[in-house]
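Good morning, and thank you for coming.

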Amino acid sequence: MSSQVRLRVLPSTRCLFDEPIQVKVAGLRSRQVVTMRATSKDEKGVVFSSSATYKADDNGEVHLDRDPSVRGSYVGVEAMGLLWSMMADRPHIKFRQLSSLNPHVVKFSVHEEEGEGKMLGEVTNERCLIGDGVCRIPVKEGNIRGALFTPPGEGPFPAVLDLWTFGGGLSEKRASLLASRGFVVLTIALYGHDDMPSHIKVVHLDYFEEAIEFLKKQDKVGSNGVGVISLSKSGDLALSVASYLPGVEATVWINGCCSNTAFPLYYKGSQIHSALMYDRSKSILTETGALVVKNGIDNPLAEENEGSLIPIERAKGRFLFVASEDDLNWDSKSYMEVLVERLKRYGKDNYESVSYPRAGHYLEPPYGPYCPSCVHGLVGKPVLWGGEPRSHAVAEVHAWTKIQEFFRTHLRWDATQTNAKL
């Protein structure tokens, strides 16, 4: 490494996963062309990396929030481009970071463009999923299996139930980050975690009712009701939770369906919704080896599927519908329009909606690697999720801010919200 070249991450080399950073290089030759690289490993040890070529200014400096990349994983001025453009070293792999206890460690480096690409400098950025002072408690009470995250301070704080998505196991990333932003969050598994069965054939709404009651009893919870956040399959579960269960004040639906999907839904021992199913024969195999499954889901508005439609007009709380317009899992934008139209038909205005052009299915907390394709939990094969990387990254930043604002507005509590810091 060159002793004169300085590579810095500002404001600190340690930050929360959802915080933007500035990457700057100094000590280069005037107008020197260099390659910036980022590398990381996920929980399974899969290597993710990105690179971009820059030309230093007259002072021998490169600022990623000011200077354009001329080629590489992205082009143009993208302050966080090295993060969201990272790709796995093998196809059809999604970045896996489910545990809140493991930070996303990214190594940034700067290299000569000529010759063998000699490394001139490097720095490590530790992107934590849980803020200092946030308390994490594994939950195994009654039927509930999950993890509870509580912000530092006396509270009280608004409460959120995180349903994550289909596929089994427990994901803590979104819950721990929300807790770091001032929410008490319970994230729960549906199957494939702890002593839960590895697969399921039906879903019981009673499980979510039990989780809500558990969450409301927590000492620092100050909201009158709870919020619910979802993604994909759990979107329809969130709609059912909001429609049938008391105490749900604010529901975030992200790229879900307007009908109950995949599994019949039961409540108090009786089936309340049939399942809208997927027709595998309608999948399209692409040259990437991944399937396009968007057209495989049955029509929720067909007469024979009426029993799967969720009566969201029953909900007492408010909805935030978030849809990606290039979602290739299913037509989230159309499903959102069905939901909005249904509420209007019943004279309801308890909703707001937002859609994102060129964004794909997996809208998550921002600055993680974009996922073009991976194995689908129901299909069992790689599928394309849609979206264009830069547009998807922009959507994640906007949606993450909007979700927090929505919860703070509609979850009523008596104290000023507190953010955890690093």
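Predicted model: local features only at pLDDT ≥ 70, side-chain atom pairs only at ≥ 80, totals over all residues.

The lining of the second largest pocket comprises 7 nonpolar, 3 polar and 3 charged residues. The largest share, 3 residues, is supplied by H3.

I turn now to the largest pocket. What is its volume? For the largest pocket, the computed value is about 900 Å³. A total of 41 residues line the largest pocket, and Phe 166, Gly 167, Tyr 362, Val 375 and Gly 377 are the ones that lie nearest its centre.

The model has 3 cavities of 30 Å³ or more. I will describe one of them, the second largest cavity, which has a volume of about 130 Å³. Its lining is made up of 16 residues; nearest the centre of this cavity lie Lys 94, Glu 364, Gly 368, Pro 369 and Glu 396. Here the lining divides into 7 nonpolar, 5 polar and 4 charged residues.

Let us move to the strands. An open sheet is formed by 3 strands in the order S1-S3-S6, with antiparallel pairing. Strand S1, residues 6-10, and strand S6, residues 62-63, are at the edges; each has a single partner strand, so one side of each is left without a neighbour in the sheet. Between S1 and strand S3, residues 22-26, the antiparallel pairing extends over 5 bridges. Within S3, the residue that stands opposite Val 9 is Val 23. As a general point for anyone following the side chains on screen, those of a regular strand alternate between the two faces of the sheet.

Strand S4, residues 33-41, deserves a separate word. Which strands are joined to S4 by bridges? One is strand S5, residues 47-55, which runs antiparallel to S4 and is joined to it by 9 bridges. Another is strand S9, residues 104-112, also antiparallel to S4, with 7 bridges between the two. Individual residues show these pairings clearly on the display. Met 36 has Ala 52 in S5 as its bridge partner, while Thr 35 has His 111 in S9. The hairpin of S4 and S5 has 5 residues between the strands, and in this hairpin Gly 45 adopts a positive phi near 85°.

I shall finish with a single residue, Ser 243. Ser 243 is located in helix H4, which covers residues 233-244. Is Ser 243 buried or exposed? Its relative accessibility is 5%, and the cut-off for a buried residue is under 20%; Ser 243 therefore counts as buried. Leaving aside residues up to four places away in sequence, Ser 243 touches Ile 310, Pro 311, Ile 312, Arg 314 and Ala 315.

That brings me to the end of the presentation. I am glad to return to any of these regions on the display.

How values were computed: Residues numbered from 1 in each chain as written. Heavy atoms only, no water. 1 Å grid on protein atoms, 1.4 Å probe; cavity = no way out; pocket = protein on both sides within 12 Å on 5 of 7 lines; lining within 4 Å. Points joined across faces, edges and corners; volume = space filled by probe spheres on them. Helix = DSSP H or I, 4+ residues; strand = E, 2+ residues; numbered from the N terminus. Nonpolar A, V, L, I, M, F, W, Y, C, P; charged D, E, K, R; others polar. Pairing = 2+ DSSP bridges. Buried < 20%, exposed > 50% of the residue type's maximum accessible area, 1.4 Å probe, protein only. Contact = heavy atoms within 4.5 Å.
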